Amino acid sequence: MTQHPQLSADDVLRAFAMDFQPGTAVLQRYLAEYPEHSVALIDLSMELTREFDDNIPPGAAEFDLVAAGMARLRENAATLQSLEAAPAKVFTEAISALALPMQVGLAFRERRIEVATLPHRMVAKMAEALKTSTETLLSYLALPAVAPTARARKSAVKPVAPEKVSFERVLQDAGVDEQSISNLLREE
C-alpha cells in the first residue's frame with residue numbers, strides 16, 4: 001500500500017469530487033488510498049450520483065443541506081492574505097489545540113520554519129486548526145520570515161533579519177522533550 005501524507009477529510013473529498021466519474025473505479029481507488037475517510041467518500045459518491053428532477057422545486061431538506069455546506073465553506077475560508085494579517089493569538093490558539101508550546105505557534109506566525117522540514121501530518125493538522133487548506137498554509141510559510149516589530153523595539157541591540165530554521169529546532173527551542181519531538185517528526 002502506498003504511504004500518503006495524512007490529509008484532512010475536506011482535502012480528500014475535494015480531490016475526489018474533482019476526479020469523480022460515474023462508476024466505481026474512482027471510488028474504489030480513493031477508498032483504497034484513504035480508508036480512514038471511507039464513510040465520507042461513500043456519502044459524497046452517493047450525493048454526486050443522485051438524480052434530480054428539475055421540475056420539482058427543492059424542499060426544506062435540500063435548503064438545509066445547502067445552508068450547512070455554505071456555512072462550512074465560510075468557516076474554512078482563511079486565505080493567504082488573512083493569514084498574513086492574522087494576529088499572533090490566532091496562531092497560538094491553533095497550536096495550543098495541537099498541545100504544543102506557544103513558541104511553536106509564534107514560529108508559524110513569523111514564518112521561521114523551513115517548509116521542507118515540516119511533516120505533512122503536522123501541516124495538515126495546523127491547517128485544519130487555522131481553518132485553511134494545506135496549500136494556503138504552505139504558501140504562507142514559504143514567504144520570507146518576519147521579525148515582530150514589537151519585540152524589535154524592546155531590544156537593546158539592532159535587530160537582524162530572522163532566519164528560517166528546521167521544525168525540529170523550533171521544537172527543541174520551545175522545550176519539547178526528545179520523545180515528543182521524535183513522535184511529531186515521524187511520518188505515518
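Author: The side chains of E93 and K89 meet in a salt bridge, 3.8 Å from N to O. A salt bridge here is a side-chain nitrogen of Lys or Arg within 4 Å of a carboxyl oxygen of Asp or Glu. Side chains of opposite charge can pair when their charged atoms come close.

This is a predicted model: local features need pLDDT of at least 70, side-chain atom pairs count only at pLDDT 80 or more, and totals for chains, interfaces and linings use all residues. Residues are numbered from 1 along each chain as its sequence is written, and side-chain values use heavy atoms, with hydrogens and water left out.

Both E93 and K89 lie in helix 6, four residues apart, about one turn of the helix. Helices (H or I, at least four residues) are DSSP runs, numbered from the N terminus. K89 counts as exposed, at 55% relative accessibility. E93 counts as partly exposed, at 44%. The cut-offs are these: buried is under 20% relative accessible area, exposed is over 50%, and partly exposed is in between (1.4 Å probe, protein chains only).

The count comes to six salt bridges. Another one joins R29 and E33, at 3.9 Å from N to O. These two residues lie in helix 2, again four residues apart. R29 is partly exposed at 39%, and E33 is partly exposed at 28%. D19 joins them: D19, R29 and E33 are linked in a network of salt bridges.

Helix 1 has a pair too. R14 and D11 meet at 3.4 Å, N to O. They are three residues apart in helix 1, so about one helical turn separates them. R14 is partly exposed at 39%, but D11 is buried at 14%.

Now the rings. The whole structure holds four aromatic pairs. Rings of Phe, Tyr and Trp (its six-membered ring) pair if their centres lie within 6.5 Å; planes under 30 degrees apart count as stacked, over 60 as edge-to-face and the rest as tilted. F16 and Y30 have ring centres 5.3 Å apart and planes at 75 degrees, so they are edge-to-face. This pair links distant parts of the chain, with F16 in helix 1 and Y30 in helix 2, 14 residues apart. Y30 and Y34 have centres 6.0 Å apart and planes at 35 degrees, so that pair is tilted. Ring pairs link F16, Y30 and Y34 into a cluster. F16 is buried at 0%, Y30 is buried at 6%, and Y34 is buried at 9%.
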